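Reader: I have not looked at this one before. Can you take me through some of it?

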Amino acid sequence: MFHDLDPAQVRTPEVFVHVLSQVRDRAGLSYAKLERFGSPDVPLSKGTLSGIFSGKRLPSVDQLAVILTGCGIPAYEVPAWIKALVRLKAVERGRTRGHLRQAGSKPTAENAEQLTDRLAELSMLVEAEETKIRHLSQYLDRLRREPDQAPAVKQFEADLDREHNRRAQLLTEIMTTSKHLDTVDDRHHLDARDVQRCPLPPTDRIFAGRDTLIEAIGTPQSLWLSGRPGVGTSQVAIHWAHRVASSYERVLYLDLQGMTPGRRVSASHAARKLAGALSRDSVGEGDDDEELFDLLQDRLGSTRALVVLDNAHDAGHVEPLLRVAASGTTVVVTSRNRRQAFTREAVHVPVLARADAVTLLSGFAPGTDPAVLDSIADLCDDLPLALRIVAGLIVGKPPQFVPVIARNLADERQRLNHLATDQQAVRSAIMLSYESLPAGAQRAARRLALSFAATSDAAEMAVGLGTDENTTTLDLLRVVDASLADVSVDGDHLTYSLPPLIWLALAERSSSEDDWASVTDYLMRTAQYVTNLATDVAEAGGKITDLARARVILQAAVSNRWWQIAEDLVRALRRLLAGGRDQERFEITEMLVRSYLADGKFEQAIEASIGMAQELQEDAPHRTAAREWAERAGAFAKRYDMPRLQIKAGMVLSTILATEEDFQAALRIAESLLPITRSHLAPSEQHNPIFNLARLYSAQGNHEEASKHFGQLIQLAELVGDARNHAEACHFYGNTVIRLGDIAQAVTSLRKAAYYWATTGYHHNAAMAHQAIANIATEPGERIAAQEEAVARWRMTSDSGRLSDALVNLAALYYGAGRLDDTEQTLEHAAALTGDDRPDLDHEIATRIAALAVIRGRPASPPPDQASAHHLIAEACRSMKPRGDTASPDRLLRQNVLHPVPAPTFWLHDDSRMPSNPNILEA
């Protein structure tokens, strides 16, 4: 309450009276209440008190001690005030000695001079004694922490007691000497008219890092200074006022105590004080408010004044005073509230720069490691009030003591407890601002403290609170106006956050006011909201902006076992981090997997590892990492006896190895899965593991083993009645036996495949099975029939590109059978389907039509529905040999399409039953 009132800075009786009046005002004690602390030895009548506080006389030492302790000043701080009083009285003694000598009373004057000298000597002795006590206390603290030092501790405790007794004796002598001096003092009475009322307080002796800010303020006609609790807004105003004071005829200062409940100075009371300070004429107690404000306006108009109104509650608190300020008056208002329409010259005072904070601390702990001081400044959030409290803890301590303070502050649960003294506390300063908020804003402030990373926006908080966004926005803006929260702007989006120390204080308050169920519900709602938002951004191809906060949310979801939220968020984050932030993708998946394992959710851990492997396998630079994730998943599945997941992980691993063309290693993995597959999976579930094994045999050229396993798959499919897998097994069995030279068996198997593909609706694959038959059949009629079936199946799809290819191939078969009219019609049909995206095929078909015209001895005319092909046909004819030479056209017309659509890529299956590869299988 009194930490900023430093008697050591007082240099004149006038300022001493002002500072002492500040003590009484803050204690809220009237003369009548103070009178009760008096005694017969130390009388404190109302008249005596009136004389002291009006400046007519300085108090005696005893009177000062009674007044201070009555107002709540701790006893150990009273000597500093006595020193200040003695020093001021020494100044007055010079005047007293002059008066006494002029009156011819030399012995009394000499006695007074001796007493004055003794008081000065005693003051120095007390100061020296306090220094010895401080050093002895520090050494004793260190000694107590060392083992086997009990005798030495006892000796130094005795020495410390002696020094305390010596200091008490000196203070007693100071009081006695002062009393004696009072009896010979022809006291110099101060005229109340000579005392400057509402004086500017002395500057704070602990003030650093504000020169740039004060210079930037300049000399405005009006100024509103705001800042968060403990940032030192008042001291900025006082220091600035001292710098510019010489430019004004009068400088007035008034502490409005706007944040102190029950002590707030009203605008009318402030007007009375200011008006009284501007004139020797008294201000009547009975004047009404309007008369007071008119009087203040008149008196301000007659002088060039600087008025500092400190600690206003808000703009409404000082509005009547600002309204009457004369044009020649500069008014400076300090307040924690940022909202005002008083002036455009508004400065929100920031915390200290880190370098300035470290410099301030180093002045109290010279020789301390700068890194330790930097850590303390960070833990104090560079807040001046917190730094001052720490400075008091470390001053005079050895450098080895300071890291202990840093470790204590590092404990978030105890940090605010360490940032407190009997007179000042960071927590109390913050709570004064919090308690000034309306209920809705208080709730928003508490929820913001609970939000992930103490950061949120109105939409997110509204979801968590179950309120509308507009109401939440208004509440959050009130918290910002109270200088408790910061707001950042990105376009039209506002993000709110709490500084660290304010977050700690509000989180404490929430723990005492909010039930855990509502807090958990709020956190789960906001976590789900952020997860949904991240998913939407990922699907839209966006990028993540705040990974640190996303990590906090993921950790909260894991800690609270909101597994679905955790899984969805990890999926979204992996997509958002794709492309350049791979290590972070790995880390968040690793976090989820470890959490699953710790919670006994082994299946989820394995599935998450497999998912990461599948995601990474598609990107060549990450195949090594993909293999590691798959191997890890397989190891977990084996350890926790989960054969199905062991098979799945093994299949993914074999896929990755096959993709890297390490077929031998892939085959070893696939073979190792075969016994587990047959012993733990039902027949309906064995298709994909065996299928992958057969494919790997085929890739290595071991077609006999491949055909054997494909044949087993056909039997399994017939056993369980699975047409889809039956079609696939037949298709690949047919392709394999072709390589073994068994064409008849291949044709039979491919016909079955085509049939089952068609019955299950996979017309693409049915078309490719027919196409394969057309390529291997020995009879021309059989080949034509198969190709016609392929064309028919392609017509059932939307794949016009492959339909065009199939028509060209059919035209080649017609030409080989001598069916030239069918050849021409089929080519014309293919030409009509060819789009602008395939100019090579367009040119090839036109060339084939021209070649057919050459062979048939007809003019090379374009098809009626494609007149634009005329020039292509002409060019094609010019590129051929002269008419009559039909060898090149004949060879061209017998060929399958020269520029087909690329064959589809076929991926190994990684699903327990249905394949996840594209619909079209590789022929």
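Author: What follows covers some salt bridges, a helix and a surface patch. This is a predicted model.

Reader: How many salt bridges does a search of the whole structure find?

Author: The search finds 37. In one of them, the side chains of arginine 354 and aspartate 382 meet at 2.8 Å, N to O. Arginine 354 is in helix H13, while aspartate 382 is in the loop between helix H14 and helix H15, 28 residues apart.

Reader: Is aspartate 382 buried or exposed?

Author: Aspartate 382 counts as buried because its relative accessibility is 8%, under the 20% cut-off. Arginine 354 is partly exposed, at 28%.

Reader: What about lysine 708 and glutamate 705, how far apart in helix H32 are they?

Author: They are 3 residues apart, so about one helical turn separates them. Their side chains meet in a salt bridge of 3.2 Å, N to O.

Reader: Which residues are linked in a network of salt bridges?

Author: Glu435, Arg446, Arg447, Arg509, Glu513 and Asp514 are. Arg446 and Arg447 are also among the buried residues of H19. Helix H19 has 12 residues and reaches 17 Å from its first C-alpha to its last, close to the 16 Å expected.

Reader: And what does serine 510 touch?

Author: Leaving out residues up to four places away in sequence, serine 510 touches Arg446, Arg447, Leu450 and Val519. Serine 510 lies in helix H22 and is buried, with 2% relative accessibility.

Reader: New topic: which residues form a nonpolar patch on the surface?

Author: Val487, Val489 and Leu494 form it, with about 220 Å² of accessible area together. Valine 487 lies in strand S7 and is partly exposed, at 36%.

Definitions and conventions:
Residues numbered from 1 in each chain as written. Predicted model: local features only at pLDDT ≥ 70, side-chain atom pairs only at ≥ 80, totals over all residues. Heavy atoms only, no water. Patch = residues over 30% accessible without salt bridge, like charges linked within 9 Å, V, L, I, M, F, W, Y side chains within 5 Å. Areas by Shrake-Rupley, 256 points an atom, 1.4 Å probe, with all protein chains shown as cover. Salt bridge = Lys/Arg side-chain N within 4 Å of Asp/Glu carboxyl O. Helix = DSSP H or I, 4+ residues; strand = E, 2+ residues; numbered from the N terminus. Buried < 20%, exposed > 50% of the residue type's maximum accessible area, 1.4 Å probe, protein only. Expected span 1.5 Å × (residues − 1). Contact = heavy atoms within 4.5 Å.
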